[in-house]
Amino acid sequence: MYKTTKMPTGRSPDEEQYVPELRKGFDDMLYVISDLHGYPFDKFLELLEKAGFGGNDFLMVLGDVIDRGADGVKYLEWLMRQKNADMLLGNHEAMLLSCHFLFEEVNEENLSKLSQRHLRLVYQWADNGGNLTMDSLLNLNYHKRLAIVEYLRKRSLYERFELNGRQYLLTHSGLRNFDSEKPLGEYDPDDFLWNRPQLTDRYYDDVTTVFGHTPSWFYGKEHEGKIIFTETWIDIDTGAGYGFSPVLLRLDDMKQFTI
Ligand SMILES: [Mn+2]
């Protein structure tokens, strides 16, 4: 059982309510997974089944479902249809949003407004493995494409809640410029999206911070393909974008599932 507490997201009050309202009634187990990066979607569904993920459970994906692998947009389309699953924004989805102009209808007026800055944003995304996602989106019809962009615009940068008496904070990449006294609403969006923690970094003593973004192989061969647990945080990016299997973590009992 878990309760979502009010979180200051810096978004409009309506949007702030959106995620917690969506959760009501899904109070069995809470699962988290991150950085799927277009990992074969049928294998992901197999993994959920293997974990016994059911209609009263809730899945929170900690961002970066797109890019690198081919199936990224399938995850977005699936997540948009699920009542008991949601995602945080990852830096890759943020890059997609920064290139939203690619997915709008092209006319002379908006074409003439494209600048060097726009091109740089597209290059940055392509450099980070965005090509396959761009292709998938451009193959969808205009309305589906825009619905995806709108869906991502409403996703949060973090989620804070209590589960079985323990406080949790979920973000995509941990917290850059961490200061235990600083309200979460005062961080820069990039602090949630592009952080690269050291193994020795500490976050809150009384809140377990769970995130992805940095594949565990980054911390040495002994961590390859495995979730990293430190005293104050958990990195669940096991490197699905780099050929390792994703690991699904059930926060209620810290049980791990993989294929
Ligand atoms: Mn990332």
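Domain 1 covers 2–93 + 152–257 and domain 2 covers 94–151, with bounds from an automatic or database domain assignment. Their C-alpha centres lie 25 Å apart.

Residues are numbered from 1 along each chain as its sequence is written. Because the model is predicted, local features need pLDDT of at least 70 and side-chain atom pairs count only at pLDDT 80 or more, while totals for chains, interfaces and linings use all residues. Helices (H or I, at least four residues) and strands (E, at least two) are DSSP runs, numbered from the N terminus.

Turning to the sheet, 5 strands form an open arrangement in the order β4-β3-β2-β10-β11, with mixed pairing; two strands pair if DSSP finds at least two bridges between them. The edges are taken by β4 (85–87) and β11 (255–257), each with a single partner strand, so one side of each has no neighbour in the sheet. From one strand to the next the twist averages 20°, using axes fitted as lines to C-alpha atoms and angles from 0 to 180 degrees between N-to-C directions. Strands β2 (residues 30–33) and β3 (residues 58–61) run parallel and are joined by 4 bridges, with methionine 60 of β3 as the bridge partner of valine 32. By contrast, β10 (residues 248–250) and β11 run antiparallel through 3 bridges, and leucine 249 has glutamine 256 of β11 as its bridge partner.

In a regular strand, side chains alternate between the two faces of the sheet. Within β2, Leu30 and Val32 point one way, Tyr31 and Ile33 the other, and all are buried (20 or more other C-beta atoms within 10 Å of the residue's own; exposed means 12 or fewer, partly exposed in between, with C-beta atoms placed from the backbone).

Helix α8 (residues 142–153) has 12 residues and reaches 17 Å from first C-alpha to last, close to the 16 Å expected at 1.5 Å a residue, a span counted over one less than the number of residues. Arg145, Ile148 and Leu152 are its buried residues. Seen down the axis of α8, they fall within an arc of 60°, so they line one face of the helix; the arc is that of directions from the axis to the C-beta atoms. These buried residues pack against α3 (72–81), α4 (91–98) and α7 (131–139), whereas Tyr142, His143 and Glu150, on the other side of α8, are exposed.

Definitions and conventions
Contact = placed C-beta atoms within 7 Å.
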